Amino acid sequence: MTVRIIGGNLRDLSYIAANLRPEDRAEIDCQLHDWTPATLALHALQGPAYVVELDGNPEAAFGAAELRSGLWIAWSWGTRRMKRCVPRITKFFWEVLGPDVAAQGAWRVEARALASNDLALRWLRRLGATERCCLPAFGKNGEDFILFDWTRETWNHVPFQQTAGTEAAAADTDGDRCRRAEA
């Protein structure tokens, strides 16, 4: 299996968006009104955007966008084959995307995940993000989200070994994430 990361482009990002895995579709549906694969791809191109190809086929997208001076948001979504891309995305995140965003003056990089998206929550923790709080009713239909971040103070304190594992089924399945995040 050949895994390759390339710069994001409208065609590949639109293809991935049209073939989202259910967890990612649910997360996007509750944040964006009337989105299409093309509009999601255009949103992704507002900052550094990347595509992961498996054997030449686009399967995952990720990147970051500056919301205002010093504040960035990280994002990712993919097809059902995205799990196979996670180890390579994780490595690229630490070696390329993170340093690039920091060099552009980021003080804080945020990521939000649907509280029921176990895979995203586990991956953000493995990436060394700090779980900050629950965002009750953040989704357009009242869905809860969890806010994570990396700051300049926390960025360089995450050992790479902590991030090097592959995505696995989340151990936390009791559905009480918001209460724990607020504790």
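Author: Let us start with a definition: a residue is buried if under 20% of its relative accessible area is left, exposed if over 50%, and partly exposed in between, with a 1.4 Å probe and protein chains only as cover. This is a predicted model, in which local features need pLDDT of at least 70 and side-chain atom pairs count only at pLDDT 80 or more, while totals for chains, interfaces and linings use all residues. Residues are numbered from 1 along each chain as its sequence is written, and side-chain values use heavy atoms, with hydrogens and water left out.

Reader: How many helices and strands are in the chain, and what share of its residues is buried?

Author: Helices (H or I, at least four residues) and strands (E, at least two) are DSSP runs, numbered from the N terminus. By that reading the chain has eight helices and seven strands. Of its 183 residues, the buried share comes to 46%.

Reader: Are aspartate 24 and arginine 21, which form a salt bridge, buried or exposed?

Author: A salt bridge here is a side-chain nitrogen of Lys or Arg within 4 Å of a carboxyl oxygen of Asp or Glu, and in the pair of aspartate 24 and arginine 21 the closest N and O atoms are 2.8 Å apart. As for accessibility, the two residues of this pair, aspartate 24 and arginine 21, are both buried.

Reader: Which residues of helix α2 are buried, and against which elements do they pack?

Author: In helix α2, which spans residues 22–29, the buried residues are Asp24, Glu27 and Ile28. They lie on the same side of α2, because they cover an arc of only 95° around the axis, the arc being that of the directions from the helix axis to the C-beta atoms. Taking contact as heavy atoms within 4.5 Å, the elements that the buried residues of α2 pack against are α3 (37–44), β4 (71–78), β5 (108–114), α5 (118–126) and β7 (145–151).

Reader: How many salt bridges does the structure hold, and how far apart in sequence are the parts tied together by glutamate 53 and arginine 4?

Author: The structure holds 10 salt bridges, and in the one between glutamate 53 and arginine 4 the closest N and O atoms are 2.9 Å apart. Glutamate 53 belongs to strand β2 (residues 49–54) and arginine 4 to strand β1 (residues 3–7), so the parts that this pair ties together are separated in sequence by 49 residues.

Reader: Is glutamate 53 buried or exposed, and how does arginine 4 count?

Author: Glutamate 53 has a relative accessibility of 9%, so this residue counts as buried. Arginine 4 has 44%, and therefore arginine 4 counts as partly exposed.

Reader: What separates lysine 91 from glutamate 95 in helix α4?

Author: The side chains of these two residues, lysine 91 and glutamate 95, meet in a salt bridge with an N to O distance of 3.3 Å. Lysine 91 is partly exposed at 35%, and glutamate 95 is partly exposed at 46%. Because they are four residues apart in helix α4 (residues 86–103), lysine 91 and glutamate 95 are separated by about one helical turn.

Reader: Which residues are linked in a network of salt bridges?

Author: Here the salt bridges join into a network, and the residues linked in it are Arg108, Glu110, Arg112, Arg132 and Asp149.

Reader: Where is proline 58 found, and how far is its C-alpha atom from that of glycine 8?

Author: Proline 58 is found in strand β3 (residues 57–68) and counts as buried, because its relative accessibility is 7%. Leaving aside neighbours within four places in sequence, proline 58 is in contact with residues including Asp12, Tyr15 and Thr79. Glycine 8 is 50 residues from proline 58 along the chain, and the separation of their C-alpha atoms is 9.8 Å.
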